[in-house]
Amino acid sequence: MDIGAVVERLIQERGQLDPLVFLQEIGVVSRAGLTSWRLGKVSCLQEVLEGEPHWIDGCLRQAARMARTMGLVPRTVDACRMNTHGQPHALQIDAAGDPGREALFTTHYQRPKPVEGGVQMDLFLDTPETMLINDLLQAIVKHDVPTSTDLFKRLEKEHARNGMLEEFRPLLGAITRGKTLVEDPMGGLELLQGEITPCARQSLGRLEDLFLKPFYRIFDHAFVGKAFDPKHPEAHRSWTLERLEDWKSVGECVLLEEDWMQQPVLLFRRAHALFRLRRLDSSRQVWILFFWKFPRQAAQVLEAGGDKDLMRWWHGFTDWTADKEVDYDLFPAWMLLDQPKLAENRAEWSEETDKTIPGRKAFFLLADLLDAEKETPFSPDSMKLRRKLKKAFPELFTLFMQTRRQGPP
């Protein structure tokens, strides 16, 4: 196989080189295989690749060298999908997690931004075919159906073998359908997530969000008044508003659900919205409720990423619990040692929680002790609370005593 010819054709057609598209062209991976990986149906990309790994890596290196020679510049594109909580979930390339190998698959090569006085790229990238592709791309991203349809027919007629035709076809079909997608909202949502979004991610790159936002607006309108269903967490305005980055409305939308504190997804969405609004204390209060009610689920979501202070506390907590049998619902108490103000105005955000939850009991017992210590460290009340904490939560008491000697964790 002439790897050079494949690379040259792809760059001429697209004005860029996507390593995954390149692997499709040389028969290493199928479109169905890539879709399975992007949807998280296989644990890593390696499972759907056909060919000896060293040979595949060699082909990618050769393609990268050619792209650089032609003047394209590297850009890392994270391999991820959005989980039901709205967070990016990293997709694994190689089972061994070799960063050097993963870079081969996630480094795209694109045209550099024009710089006055810069070096002119190879003029073959400015062919009528490439310019037609770029015009069609912009029309599709803008959901301009008439222009997109005309340009697609031109591309089909004048360059019938262009590989972008098959990638643009489902995107053109999606914008043509437009609002009809929500005639059957659940079916339309499945189509958006299972077909339209993966196609956009592969074909549009950094323009993906611009292309998808009009769809989110359509579904957002369709979901007005629809109650949250934990079996279908995406079929709710809190999901569409997240994707539209309307964080104020996300937070308000969650509060409209009467039992939002009983839903892990809604707890996370409100915490995340408050964080994006820079209401950090309020966000952390919601995280505290999340850990009290659903500690393991909260831990799984948090490990995917949080604000830097929250992650610092979390890493400190997991280090402390590494060789201990400690429940995750004690994490808020760990946070409290560093930020005693988290216990302020407790009635405003904890009155609906079960008072028997161990993590809640530990949190407020520690809060009372910290208050007493602040007033008079060795008063009768303070010593009584120390004994109570030591009896109920000995590990937490040991940690508290360490902070008396060393400072907060």
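This is a predicted model: local features need pLDDT of at least 70, side-chain atom pairs count only at pLDDT 80 or more; totals for chains, interfaces and linings use all residues.
Residues are numbered from 1 along each chain as its sequence is written. Local features need pLDDT of at least 70, side-chain atom pairs count only at pLDDT 80 or more, and totals for chains, interfaces and linings use all residues, while side-chain values use heavy atoms, with hydrogens and water left out.

**Exercise 1: the faces of strand 5**

Task: Decide whether the residues on each face of strand 5 (residues 107-110) are buried or exposed.

Solution: 
- Buried means under 20% relative accessible area, exposed means over 50%, and partly exposed lies in between (1.4 Å probe, protein chains only).
- Recall the rule. In a regular strand the side chains alternate between the two faces of the sheet.
- Sort the residues. Thr107 and Tyr109 lie on one side, His108 and Gln110 on the other.
- All four are buried, and both faces are covered.

**Exercise 2: salt bridges**

Task: The structure holds 15 salt bridges. Work out which parts are joined by the pairs Asp57 with Arg101, Glu158 with Arg154, and Asp281 with Lys341.

Solution: 
- Define the contact. A salt bridge is a side-chain nitrogen of Lys or Arg within 4 Å of a carboxyl oxygen of Asp or Glu.
- Asp57 and Arg101 meet at 2.9 Å, N to O. Asp57 lies in helix 4 (residues 53-69) and Arg101 in helix 5 (residues 99-106), so the pair ties together parts that are 44 residues apart in sequence. Both residues are buried.
- Glu158 and Arg154 have their closest N and O atoms 3.5 Å apart. Both lie in helix 7 (residues 145-158), four residues apart, about one turn of the helix. Glu158 is partly exposed at 45%, and Arg154 is partly exposed at 41%.
- Asp281 and Lys341 meet at 3.5 Å, N to O. Asp281 lies in helix 14 (residues 280-293) and Lys341 in the loop between helix 17 (331-338) and helix 18 (346-350), so the pair ties together parts that are 60 residues apart in sequence. Asp281 is partly exposed at 36%, as is Lys341 at 39%.
- Finish with a network: salt bridges link Arg284, Asp309, Arg312 and Asp338.

**Exercise 3: a charged patch**

Task: Which helix gives the most to the positive patch?

Solution: 
- Define the patch. Its residues have over 30% relative accessible area and no salt bridge; like charges are joined within 9 Å, nonpolar side chains within 5 Å.
- List the members: Lys361, Lys384, Arg387 and Lys388, on the surface.
- Compare the contributions. Helix 20 (residues 380-392) gives the most, with three residues.
- Check one member. Arg387 lies in helix 20. Arg387 counts as exposed because its relative accessibility is 55%.

How values were computed. Accessible areas come from the Shrake-Rupley method with a 1.4 Å probe; for residues, only the protein chains shown count as cover. Lys and Arg count as positive and Asp and Glu as negative; His and the chain ends are not counted. The place of a charge is taken as NZ of Lys, CZ of Arg, CG of Asp or CD of Glu. Helices (H or I, at least four residues) and strands (E, at least two) are DSSP runs, numbered from the N terminus.
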